[in-house]
Amino acid sequence: MNPLAVLLTLSSVLFALGLFAVLTRRNTILVLVGIELMLNAANLNFIGFWRYGPPDPQLTGPMFVLFGIAIAAAEAAVGLAIILMVFRHTRSTDLNASNSLHG
Amino acid sequence: MTALLILSPLIMLAALGAVWKARPVHAGLLLALTLSLAGMLYIALGAEFLGLVQFMVYVGAVAVLIVFALLITRPRDEIEEIARRPKSVGPGLLCTLPLLATLLYTVDRTLPEAPPGTADLPVRRIGELLFTTHAPAVLAVAILLTAVMLGAALFAREPSKKP
């Protein structure tokens with residue numbers, strides 16, 4: 001069995017699970033969990049193509065993963081700050097409760 | 001290859017748990033497990049540095065997520081989440097399954113044979129590349145992280161009492 005195929009299958013499943021969480025969950029924290037899963041699936045792809053693809057002295061795949069991890073950390077920080085602000089406003093983490101832009 | 005075959009089902013199971021658990025703390029813990037296992041997979045594939053970065057940065061960020069989940073959820077949220085499930089699972093699957101089928105079909109059909117041999121990831125080379133070829137990107141990420149830190153602090157600040 002091709003190891004790259006196993007890795008890409010794993011990352012496809014992780015991405016689909018993340019998307020499922022984003023679409024079906026109504027708790028903001030659980031939506032954030034889905035987004036993290038999707039980001040991690042993309043990173044897994046980069047690692048797979050770097051490891052099992054043609055040799056690359058520029059290490060493009062791992063570099064993408066490093067930057068991707070930095071972006072994911074930034075995304076989690078901003079996401080949590082927004083969740084906290086919305087919670088302070090609506091006293092709920094339910095996405096259906098935050099249906100107005102009115103301050 | 002052995003590590004890949006052992007870790008892949010474990011990662012999928014942990015991710016499934018993270019997606020299915022109704023209690024946010026449990027979902028957060030399972031997400032931390034998923035990301036730790038992915039870090040182990042990176043190490044097994046030869047990207048030791050990235051595996052350690054994954055552990056420290058990603059799992060650390062998720063730990064903060066879990067703390068927030070503990071802070072701002074109430075028991076009622078969990079009951080509402082379970083009550084809403086029968087209505088949301090169908091449309092969710094309807095959107096997700098075609099995507100998954102397309103991805104798996106593409107993986108199956110278009111993949112070339114993997115060339116043999118091992119790839120190694122020397123940390124010295126990463127450092128050299130980061131501060132030569134990718135220096136503008138590093139600067140951009142530095143600015144982004146500073147902006148994020150200031151923005152998050154501004155967002156999370158208690159609103160002042162004065163108008």
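In which segment of chain A is the place of Ala97(A)? Ala97(A) lies in the segment that follows helix H3 (60–90) of chain A, helices being DSSP runs of H or I with at least four residues, numbered from the N terminus. The model is predicted, with pLDDT of at least 70 needed for local features and 80 or more for side-chain atom pairs, whereas totals for chains, interfaces and linings use all residues. Residues are numbered from 1 along each chain as its sequence is written, chains are lettered from A in the order in which they are written, and side-chain values use heavy atoms, without hydrogens and water.

Ala97(A) is partly exposed because its relative accessibility is 34%, between the limits of 20% and 50% (1.4 Å probe, protein chains only). Leaving aside residues up to four places away in sequence, Ala97(A) touches Thr90(A) and Ser92(A), a contact being heavy atoms within 4.5 Å.

Two cavities of 30 Å³ or more were counted. A cavity is a set of points, on a 1 Å grid over the protein atoms alone, where a 1.4 Å probe fits but cannot get out; lining residues have an atom within 4 Å of a point. The largest cavity has a volume of about 90 Å³, as the space filled by probe spheres set on the points. Its lining includes Phe20(A), Trp20(B) and Glu81(B), and H4(B) gives the largest share, five residues. The second largest cavity, of about 60 Å³, has Arg26(A) and Glu81(B) among its lining residues.

How values were computed: Helix = DSSP H or I, 4+ residues; strand = E, 2+ residues; numbered from the N terminus. 1 Å grid on protein atoms, 1.4 Å probe; cavity = no way out; pocket = protein on both sides within 12 Å on 5 of 7 lines; lining within 4 Å.
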